[in-house]
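We will go from one annotated residue to the next.

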Amino acid sequence: MQLSSTQTIPETSGVPRHLAIIMDGNGRWATRRLLPRTAGHMKGVQTVRRIVESCGQAGVKYLTLFAFSSENWRRPEDEVSLLMRLFVQALEKEVHKLQKKGVRLRVIGDLSRFDDQLRQLIHEAEAKTAQNDHLHLTIAANYGGRWDILNATKQLLQDQPELAHNPAAIEEQTFAPYLSMAFAPEPDLFIRTGGEQRLSNFLMWQLAYTELYFTEVYWPDFGSDHLQAAFDWYAQRERRFGRTSAQL
């Protein structure tokens, strides 16, 4: 289990070890071009390929992408349907490329709402790439940070029911292994494209000490130069983790 930044001081460098991204602005990118919102999502898939490759080249070890939140089911039915089809197509077409490039794929979230075909493709993709270690790519799908914490709590009490009568015994190191991202260090850098400045229920526990970077650039336009600009900004941040500047 990776240790929490509230428990230990993690090692840092000029390039984030773990990068988390909310890929926002696909629909608005399309609307500005008088295209259907779905065209923006299709264009956004190309950006994912570009950013995965750039992160692998830059030395990022963990990349976590927020693809579909638990709240996104509220969107128009045709848009949700297209997003599901794009997910299926990406798994069918891209997994062999990820495997070849040493990328390990994981999908986190409540997968029970997905159909059998999609769940099977996810399982197969994770199995095919399980031995890879160059870059750990995690896709958050039907994921919510509050769901993650609640689900972890339920799993903890299911495994250790005696804790319900002794809550004082529950500590971070007891609870954290049940979170979806327990296999990865906490994100060093968070990027949200599209101009919004909020976390939108993404990795609520894990982002406690993450540097937050917001850009007006819509996700379909987000390229390697924009990624490097975020890395340059991150490299200038003073990451104190509760200490003073003089202690660094």
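This tour visits the annotated residues one at a time.

Before you start, note that this is a predicted model, in which local features need pLDDT of at least 70 and side-chain atom pairs count only at pLDDT 80 or more, while totals for chains, interfaces and linings use all residues. Residues are numbered from 1 along each chain as its sequence is written, and side-chain values use heavy atoms, with hydrogens and water left out.

An unreviewed UniProt entry annotates Asp24 and Asn72 as "active site"; UniProt positions follow the numbering used here, feature names are shortened, and annotations may be inferred rather than shown by experiment. The two are spread over 49 residues of sequence yet cluster in space, with a largest C-alpha distance of 12.1 Å. Both Asp24 and Asn72 belong to the lining of the largest pocket. Here a pocket is an open set of points on a 1 Å grid over the protein atoms alone, where a 1.4 Å probe fits, with protein on both sides within 12 Å along at least five of seven lines; lining residues have an atom within 4 Å of a point.

Now zoom in on Asp24. You will find Asp24 in the loop between β1 (18-22) and α1 (26-32); helices (H or I, at least four residues) and strands (E, at least two) are DSSP runs, numbered from the N terminus. Is Asp24 buried or exposed? Its relative accessible area is 14%, so Asp24 is buried (under 20%; exposed is over 50%, partly exposed in between, with a 1.4 Å probe and protein chains only).

Next, show the neighbours of Asp24. Leaving out residues up to four places away in sequence, its contacts (heavy atoms within 4.5 Å) include Arg192, Tyr218 and Trp219.

Move on to Asn72, in the loop between β2 (62-69) and α3 (77-100). Asn72 is buried at 15% relative accessibility, and a polar atom of its side chain lies 2.8 Å from the backbone nitrogen of Ser69.

Finally, select Glu211, which the unreviewed UniProt entry lists with Asp24 as "binding site". Glu211 sits in strand β6 (residues 211-214) and is buried at 11%.

Conventions: Polar contact = N/O pair within 3.5 Å; in protein donor to acceptor, adjacent residues only side chain to side chain.
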